[in-house]
Amino acid sequence: MSSLVYHNIMISYIISRLLQSIVTLLVIVTLLFFLLSILPGDAALLAGDPRMTQDPEVIANMRAKWGLDRPIHIRYLDYMYNLFKGNLGVSFLTNTSVNSLIANAFPHTFKLVLISFLISTTIGIFLGFVAAMKRGSFADLISMFLAIVGISAPRFWVGLMLMYFLSVSLNLLPSGGLGDGSLKFMILPAITLSIPLIALLARTTRSSVIEVTREDYVRTARAKGLLENAVRIKHILRNSLIPIITISGLQLGGLLANTVIVEKIFSLPGMGGLVVDSIHRRDLPAVQGCILIFSLGFILINLLIDLLYGYLDPRISYG
Amino acid sequence: MKNIKTTLIMILMVTIIFSGISVNAEEAKYGGTLNFPLAYGNPGTLDPVWANRIEAEIVTSAIFDRLVKMNVETLSPEPAIAKSWEISDDGLEYIFYLNNDIKFHNGDKLTAHDVKFSYERVMDPEVSQITDLFNSIKGSEKYQEGESEHISGIEVIDDYTLKITLDRLDISFLNTVGKRGSEIVPKDLINEVGDEFSNILVGSGPFKFVEFIQGYEIKLKAFDDYFAGRPYLDELVFKIMEEAAARVPAFLTEQIDFDLVFSAQLEQYQSNPKYEDCFVKVPELWTRHIAFNTEVFDDKRVRQAFNYAVDKELVVEKIVNGKAFVATGWLPKSSPGFNPELEGYQYNPEKATRLMKEAGYSVENPFEVEILGTTSPDWGIPIVEAISPYLEEVGFKIKPVLMDGASIGPLENKGDFDATIDSGGGRIEPVDYLSAYFWSEIAPDAGRSTRYVNHEFDKKIEKAYKTPDFKKRMVLVREAEKILVEDPPVWFFNYSQAIGIVQPWVHGVVKNPTELLLQPYDTIWLDESSPRK
């Protein structure tokens, strides 16, 4: 297959995947719209202090202002029309555009997720690889034990423990907030977010590497007299990467979702905090906007992974 | 001669003693930044016409001023923008005399025209979320229906004199002009910038608005020309932190200067000897209770039995960690209408069993009830779970149902519930505090979710609303509350106590029973030991 033909196949594959993604997104938006509308609770009731009594006329006025008094199909069509124009609507809670809310929150979350992903993949794959190479050793035992702990420990608890240990007791790192925006404020949240993924990747890498080590081509490579390091990196690691990448990709979506907890306990102004606040206050446009962005992220990551497969394993075709 | 000498020595000694005292009492100092947590979460928007939640009021109170402000000790109004006021004998006409040297942050002078504009803006259904705030002002209805351009009851007599006429007696009117929604905003600026005002927020309060990062923080800085004198702080930063578990490490690492302590965090702070003298405690204007849907709980004896069945003292001590006072009725300790002689319901399981039996229920044939509540450890499902064994012993069968707050409201409004655990009150005027939940004039979807009707109680409330004299009104309030306790629409649980913890370098924090997070930010100051000075 000439490279040009391959190139064309790739492009048409990407285009068809993107088209599929649009359909997926449309389904998600629609489902979400109707699900949220049957959710009990009312943004207008929550605009005032829930512990205080409120005038029903005031509530009705607010519902009318937000268009909540119109029939649901009209609201849906209106929403979709605006969506196609790239307008996610106006948040009930802040009275500002959802676009600007997301534009302000997204960079914080993106930074957090990116750092966590880099930490998790580097440490996780390294640990797993070492454990597999030294199977049965003390290092293997310890890293797999830690992996179990890492997977089982709830992020909320891990975050608070790190906070108490590293910032309250030792005063090494700030316990939360953005501070001056420097990297040290990201360390604790990023580690908290990474730990379960490090653990999972270490375990996946270990079993995948062990499996590949038993393959004939590895034995052949060694028999050819290749240097051990070349065997390990070129033959073993590269061939073990497919399941690792799959897990990483799926979990990257998970990282996005878990920012909800981490951003709350570390008081960071990202998408996670935004979506929680919006759900509590039934700020429908903001919830919809956030979930749309989360879904979009998830879809793009999956597409990226599928493309990576082909790069790593030429046997996978996109025809 | 000797006498003169003695007198001189005496005078000298007295002078020394008193000068010693004045040296001891530290003088307030300027400068520094106060990091103050918004423990209830993100206010979203700070425009007064949208700021109908306490989250927002905590911040708007620093940026804006109102005609009057509440004295936190007496809970009565004292001068703010208005330096004095007169009320006509029939209680329908108010004349406010404004300070004539007040400036907005943009330099504009604050006049009676701004007050009129602000009040009309908050009543305008096109822009406001709090359109019921000034319902009692004459002409407000016509204004809202678009029949008139202005509210006829608000008259500007001259630049610094304003007359407000009510169309009915409103005993809480002075409270209303001192609470959220009634902030004074600059007329000329808003006419010029329109909706953009919510992003620039210009008021006449002690602090100027600098920046609002949604979900994170709100930054303000001192307004040098504040009419009551420049605030001590240079900067006031509100940190949005509703996660109590996250506020504790932030306080311990000195990133925030104050924390509102929930019962779950109390022990952690109390066990730290460093903070022994740093607690601020105040009985709040909130009554924790379980509201009965009286259409389900239609037998008074069942409601009384519920009240007799539980050992509240023990629950408050063990579950609420002593962060409350056992309720004897509806009006809490900090309310001007509190009745210390009210006995309420003492723990009496025998009497509860007997009442249940009379009503036809027993352990074998229990009264089944679903109680809705949130996860709140102080007034949520954890409390319901703790009291269930008591109730089941006398013939109830309790099913706790955990829901989020947003889902409970609509069910209450529709009457689709048996009982809910909740916190109610929050009003300074005792008649309002009583009527809001139980007066049959209030619609079930406007707060009287109990659907409680007691005509004797109604009569007292109606009479109290027509009694401008405070003392006479309180007599009626006590009578009304007695009726309410005898024919209970709720399980009277406790009057909550707010507990705050303050860093040792912060001075001037007050015990505000309406809300501990509402502080006089202009008189708070920091000494040299603050890390932000």
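Two strands pair if DSSP finds at least two bridges between them. Helices (H or I, at least four residues) and strands (E, at least two) are DSSP runs, numbered from the N terminus. What you're looking at is a predicted model: local features need pLDDT of at least 70, side-chain atom pairs count only at pLDDT 80 or more, and totals for chains, interfaces and linings use all residues. Residues are numbered from 1 along each chain as its sequence is written, while chains are lettered from A and ligands numbered from 1 in the order in which they are written.

**Exercise 1. Work out how the strands of the open sheet with β4, β5, β6 and β7 of chain B are arranged.**

Step 1: Go across the sheet. You'll meet its 4 strands in the order β4-β5-β7-β6 (chain B), and the pairing is antiparallel.

Step 2: Look at the edges. β4 (82-87) and β6 (154-158) of chain B each have a single partner strand, so one side of each is left without a neighbour in the sheet.

Step 3: On average, neighbouring strands are turned by 20° against each other, direction ignored. For angles, axes are lines fitted to C-alpha atoms (for helices over the stretch in contact), and angles run from 0 to 180 degrees between N-to-C directions.

Step 4: Zoom in on one pair. β6(B) and β7 (residues 161-165) of chain B run antiparallel, joined by 4 bridges. Pick Val156(B), and you'll find its bridge partner in β7(B) is Leu162(B).

**Exercise 2. Describe the side of chain A that touches chain B.**

Step 1: Count both sides. Chain A gives 43 residues to the contact and chain B gives 42 residues.

Step 2: Find the helices. Those supplying at least two residues each on the chain A side include α5 (98-133) and α10 (228-265) of chain A.

Step 3: Sort the chain A residues. You get 20 nonpolar, 15 polar and 8 charged. Ala, Val, Leu, Ile, Met, Phe, Trp, Tyr, Cys and Pro count as nonpolar, Asp, Glu, Lys and Arg as charged, and the others, Gly among them, as polar.

Definitions and conventions:
Contact = placed C-beta atoms within 7 Å.
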